[in-house]
Amino acid sequence: MAWVLLVIAILLEVCGTTCMKLSHGFARPLTSVAMFVFYAACFTVFTFAVKKIEVSTAYAIWCGLGIALIALIGFVFFKESVSALKIAGLILVIAGVAALKISSKTAE
């Protein structure tokens, strides 16, 4: 269950970060408020996830997958530039996250 909570926390963080971009520097009230709601929910769920998962592993996975998902959203929806080096970096981030998950000895 802790791993499910971690995935939910990651998705909430990605929604919050996307709303941050969409708020245009707090110029759009709805997305600005949504950003705070998503981040509050993210940290709440993440707190429950780290009760069962080592914080070093959980935080690294949370950051790594969040980075990868936000980069993909940036490429697809915000038409941000894509380069071979960016793709290679994302592959390395995902490989690192996979290694952390595989090496984790925390019970699910």
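Reply: Let us begin with Thr 18, which lies in helix H1; helices are DSSP runs of H or I with at least four residues, numbered from the N terminus. The model is predicted, so local features need pLDDT of at least 70 and side-chain atom pairs count only at pLDDT 80 or more, while totals for chains, interfaces and linings use all residues. Residues are numbered from 1 along each chain as its sequence is written, and side-chain values use heavy atoms, without hydrogens and water.

Me: Does Thr 18 count as buried or exposed?

Reply: Buried means under 20% relative accessible area, exposed over 50%, and partly exposed in between, with a 1.4 Å probe and protein chains only. Thr 18 counts as buried because its relative accessibility is 17%. Val 7, also a residue of helix H1, is partly exposed, with a relative accessible area of 46%.

Me: Which residues does Thr 18 touch, not counting residues up to four places away in sequence?

Reply: Contact means heavy atoms within 4.5 Å. With that sequence limit, Thr 18 touches Ile 70, Ile 73 and Phe 78.

Me: Which residues of H2 and H3 meet?

Reply: From H2, Cys 42, Phe 43 and Phe 46 meet Ala 58, Tyr 59 and Trp 62 of H3.

Terms used
Helix = DSSP H or I, 4+ residues; strand = E, 2+ residues; numbered from the N terminus.
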